[in-house]
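Have a look at the picture first, then read on.

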Amino acid sequence: MNNIIPTPPERIIKAKICRLLFGKTNLVTCPYCTRTGVIRRSEKFCCPRCNHTWSLTSLTWMKGMKLSWKQFWGLLWTFSQRIPVDQTGKLLDISKPTIYRWYGLFRQNLPHLEDVRLEGTVQMDEAYFGGKKKGVAIIAAKERDSSKVAAFVVPASSVKRTDIVPFIRQYVVPGSYLHTDGALIYKGIAKHWPVEHAYDTHRKGEFGKTSVIEGFWGSLRTFIRRMYHHVTVAKLPELLREYQCRLMFKEIFENPASLLPKLLTPFPFA
Ligand SMILES: [Zn+2]
């Protein structure tokens with residue numbers, strides 16, 4: 001194991017996880033019968049009242065983990081720090097498929113974004129990923145003056161008005177200023193949802209109303225290329241959501257200690 005990644009001793013990592021899941025380490029409550037008096041031996045727990053046994057990982061998405069605790073912590077660190085996957089493999093001595101599997105689990109437990117609502121001045125645009133023929137489109141909208149962004153992968157190589165309208169209805173608050181380019185799909189959009197629509201005509205050299213969302217496309221592509229090298233069409237929705245979370249919830253991605261509490265759901269009685 002390398003010395004680049006700041007890693008606490010194993011017992012500290014385990015204590016942190018135990019506290020997050022079950023509450024105070026020395027006062028674990030049985031998740032089956034909710035009574036106290038649980039016996040703990042290292043990572044194993046046993047309830048003398050109902051005879052159930054469990055471990056630190058067995059009731060969570062970490063179930064069946066074959067990584068050491070230091071490797072697990074290391075992966076939280078490389079994920080939070082956007083370390084390229086190739087480099088992560090070398091740093092932690094973990095195979096790429098294993099890294100992808102664990103990053104997939106981290107991602108699934110990041111905040112859900114269905115509730116995102118954009119207001120004020122909102123810039124909206126579409127972009128294409130994965131080539132003309134087999135590629136897909138992403139629709140995205142971003143508040144001009146904040147990091148809030150809504151995005152959706154359209155499973156087709158072109159975007160229609162029938163994709164745009166439900167997207168705006170879901171994510172853009174009525175009364176917002178909607179800024180787009182001059183594409184036909186946006187024409188008369190205010191008849192479908194009460195927004196103040198204004199647009200740039202790119203061939204006239206107007207770009208001011210879409211510069212923020214254009215910047216989003218650039219930074220999304222750079223993020224994917226640097227960290228993952230490339231992305232398949234099937235994985236694009238996951239990576240898109242990961243990137244949105246990184247933009248909107250910067251504080252979560254500061255380090256493993258800030259990331260872990262967001263990924264683990266405490267048991268209700270903990
Ligand atoms: Zn019990």
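What share of the 270 residues in the protein is made up of buried residues? Buried residues make up 26% of them. A residue counts as buried if 20 or more other C-beta atoms lie within 10 Å of its own, as exposed if 12 or fewer do, and as partly exposed in between, with C-beta atoms placed from the backbone.

Before going further, please keep in mind that this is a predicted model, where local features need pLDDT of at least 70, side-chain atom pairs count only at pLDDT 80 or more, and totals for chains, interfaces and linings use all residues. Residues are numbered from 1 along each chain as its sequence is written.

**The overall picture**

The protein has 8 helices and 8 strands; helices (H or I, at least four residues) and strands (E, at least two) are DSSP runs, numbered from the N terminus. Its C-alpha trace spans about 75 × 40 × 30 Å along the principal axes. Among contacts with a separation of 6 or more, 50% come from residues 24 or more positions apart. A contact here is a pair of residues whose C-beta atoms, placed from the backbone, lie within 7 Å.

Helix α1 covers residues 10-22, and its 13 residues reach 18 Å from first C-alpha to last, close to the 18 Å expected at 1.5 Å a residue. That expected span is 1.5 Å times one less than the number of residues. The buried residues of α1 are I13, I17 and F22. They sit on the same side of α1 because they cover an arc of only 125 degrees around the axis, an arc taken from the directions from the helix axis to the C-beta atoms. R11 and I12 are exposed residues on the face turned away from that buried side. The buried residues themselves pack against α2 (69-80). After α1 comes G23, with a positive phi near 85 degrees.

**How the helices pack**

The table sets out two helix pairs. Axes are lines fitted to C-alpha atoms, for helices over the stretch in contact, and angles run from 0 to 180 degrees between N-to-C directions.

| Pair | Angle | Axis separation |
|---|---|---|
| α1 and α2 | about 70 degrees | 9 Å |
| α2 and α3 (85-92) | about 155 degrees | 11 Å |

The angle between α1 and α2 makes them roughly perpendicular, whereas α2 and α3 are roughly antiparallel to each other. Angles under 35 degrees count as roughly parallel, over 145 as roughly antiparallel, 65 to 115 as roughly perpendicular and the rest as oblique.

α1 passes α2 in a left-handed crossing, and E10, I13 and K14 of α1 make the contact with W69, K70 and W73 of α2. The crossing of α2 and α3 is right-handed. A crossing is left-handed if the near helix is turned anticlockwise from the far one by less than a right angle, and right-handed if clockwise. In this second pair, Q71, G74, L75 and T78 of α2 meet T88, L91 and L92 of α3.

**Two single residues**

Where does H112 lie? H112 is in the loop between α4 (96-108) and β4 (121-129). It is exposed because 10 other C-beta atoms lie within 10 Å. H112 and C245 are 133 residues apart in sequence, and their C-alpha atoms are 8.7 Å apart in space.

Y177 belongs to strand β7 (residues 177-181). Y177 counts as partly exposed, with 16 C-beta neighbours inside 10 Å. Leaving out residues up to four places away in sequence, Y177 touches G120, T121, V122, E196 and A198.

Notes. Two residues are in contact if their C-beta atoms, placed from the backbone, lie within 7 Å.
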